[in-house]
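This briefing goes through a structural model topic by topic, and it is meant to be read with the sequence and the coordinates at hand.

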Amino acid sequence: MSTIRCDIVSAEEEIFHGNAQMIIATGEAGELGIAPRHAPLITRLKPGQVRVQLEGGEEQFFYVSGGILEVQPSVVTVLADTAIRAKDLDESAARKAKDEAERALANRTDAMEVAQAQAQLAQALAQLQALERLRRALKH
Amino acid sequence: MAGAREIRTKIKSVQNTRKVTRALEMVSASKIRKAQDLMKASRPYARAMRQVIGHIAHANVEYKHPFLVERETIQRVGYVVVSTDRGLCGGLNTNMFRKLVGDIRAWQDKGVEVDLVCIGQKATQFFRRLKVNMVGSVTHLGERPQIAQLIGVIKVMLDEYGAGRVDRLFLAYNDFVNTMTQKATVDQLLPLPPAAEMATSHSWDYIYEPDAEGVLEHVLTRYIESLVYQGVLENLASEHAARMVAMKAASDNATKAIGSLTLVYNKARQAAITQEISEIVGGAAAV
């Protein structure tokens, strides 16, 4: 019985690698069953299960929240997403990043004020110290 | 013995500082390991990604994605700047910013504008004081950065690139060489450098489901994201390594300072005693 190598990886960790008889995943255009010596194929995955049938007839299940399935005649690679992705979610994340930058730029004055206040404080302290020293010198 | 008391309080305060720097040093030493593990864990994905991209470059002939095409004129470039959230890590951020500011000046001299997105508080604070266009920022990634936290800033830049506002995209981060060495690095993200795209044409092509354009867009976006994520992890490991080294130096300096202060203190004490004795003796002689 021939087998096909299967790698399931996500950006944050390696999830599975080993030999399989068949890999079943939910592609964007429908369920896919990949057997050894499948033609080269690449597709996006829908959120769902990836089933890996191992050599002994045993089956393993992995949940992926989307990703990419790449098929080469002897290797199947599943690049799984770790985050839940959707167009509008991505948009809102991008908007948040922009807002954050604008907020940082808007706070510019605050930081300036803090720096200014610190400079003034240091100056006042130096003056006080000088006065103190002068007073002591006069006493003696 | 007013002088002696002042010295004693000074010694106490240096000792307290040393306690803090020691603690920080040990915390960073343990966090380096975790950061390195994270780096290792994310490598298989990057490797698999590179293979897939390589295959695509081999296979696909009829469609060229904009991420792979070098643009002729460059009017505006983008930088993704990765920095730390916290300070006390030696010259780590400063060195990288200096390198980056040099690059930015060079672009500006050529009449090219620069857009930035900042990851980490230090970059955000630094670049808001400069005359650059900051279009996105994310801070407080924590000890276990997740790709979900980075999607926003990356999308901002990819959208700019896709819309043709940005013609080139770079990633700036500190490369973790080893505990003693971190290297400020600027890599080109877009268009993908030709090294990743081995230009030998093949006769076969993938079956694309549903279509080549959509799939390629998806793959390349994920690839860029994984590169940025790797940069963030490298930077995290660099941060802890740099902090450990800086704090070790600080602790050593504190020990040295305590030594010399103790010497001064003992001398002052000795002088006071001597003076007292000579005063008593003088007094007794007068009687």
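D81(A) counts as buried, because its relative accessibility is 9% and the cut-off for a buried residue is under 20%. The model is a predicted one, and D81(A) is placed in the loop of chain A that runs between β7 (75–80) and α1 (87–106). Leaving aside residues up to four places away in sequence, D81(A) touches S65(A), G66(A) and G67(A) from chain A, together with R222(B) from chain B.

- The C-alpha atom of D81(A) is separated by 52 Å from that of L121(A), although the two residues are 40 residues apart along the chain.
- T43(A) is likewise buried, with a relative accessible area of 0%, and this residue is found in strand β4 (residues 41–54) of chain A.
- When residues up to four places away in sequence are not counted, T43(A) touches G27(A), E28(A), L32(A), G67(A), I68(A) and L69(A) in chain A, and also E209(B) and V215(B) in chain B.

**Chain A as a whole**

- The secondary structure of chain A comes to two helices and seven strands, which follow the pattern β-β-β-β-β-β-β-α-α when read along the sequence.
- Of the 140 residues in chain A, 38% are buried, and the accessible surface of the chain comes to about 8,600 Å², with 53% of that area belonging to carbon and sulfur atoms.

**The contact between the chains**

- The size of an interface is often expressed as the accessible area that is lost when the parts come together.
- Chain A and chain B bury about 3,500 Å² between them, and 65% of this area lies on carbon and sulfur atoms.
- Within chain B, the residues Y45(B), R128(B) and E209(B) supply 21% of the area that this chain buries against chain A, which is more than any other three residues supply.
- The contact takes 40 residues from chain A and 39 residues from chain B.

**Chain B as a whole**

- Chain B holds six helices and six strands, and from the N terminus on its elements run α-α-β-α-β-α-β-α-β-β-β-α.
- The radius of gyration of chain B is 28 Å, whereas a compact globule of 287 residues would have one near 19 Å.
- Taken along the principal axes, the C-alpha atoms of chain B fill a box of roughly 115 × 40 × 30 Å.
- Of the 287 residues in chain B, 47% count as buried, and the chain exposes about 14,400 Å², 55% of which is supplied by carbon and sulfur atoms.
- Among contacts in chain B between residues at least 6 apart in sequence, 78% join residues at least 24 apart.

**Aromatic pairs and charges over rings**

- Over all chains, the count of aromatic pairs comes to eight.
- One of them is the edge-to-face pair of F97(B) and F127(B), with 5.3 Å from centre to centre and 75 degrees between the planes.
- F97(B) lies in helix α3 (residues 92–109) and F127(B) in helix α4 (residues 121–127) of chain B, so this pair ties together parts that are 30 residues apart in sequence.
- F97(B) counts as buried at 5% relative accessibility, and F127(B) is buried with a relative accessible area of 0%.
- The pair of W107(B) and F170(B) is tilted, because the ring centres are 6.1 Å apart and the planes stand at 45 degrees.
- This pair links distant parts of the chain, with W107(B) in helix α3 and F170(B) in strand β4 (residues 168–176) of chain B, 63 residues apart, and both W107(B) and F170(B) are buried.
- Ring pairs also link Y79(B) with W107(B) and F170(B) into a cluster.
- The charged end of K110(B) sits over the ring of W107(B), at 4.6 Å from its centre, while R71(B) lies over the face of Y161(B), 4.0 Å from the ring centre.

Note on methods:
Residues numbered from 1 in each chain as written. Chains lettered and ligands numbered in written order. Predicted model: local features only at pLDDT ≥ 70, side-chain atom pairs only at ≥ 80, totals over all residues. Heavy atoms only, no water. Phe/Tyr/Trp six-rings, centres within 6.5 Å; stacked < 30°, edge-to-face > 60°. Helix = DSSP H or I, 4+ residues; strand = E, 2+ residues; numbered from the N terminus. Buried < 20%, exposed > 50% of the residue type's maximum accessible area, 1.4 Å probe, protein only. Lys NZ or Arg CZ within 6 Å of the ring centre and 35° of its normal. Rg over C-alpha atoms; globule rule 2.2 N^0.38 Å. Contact = heavy atoms within 4.5 Å. Areas by Shrake-Rupley, 256 points an atom, 1.4 Å probe, with all protein chains shown as cover. Buried area = accessible area lost by both parts, 1.4 Å probe.
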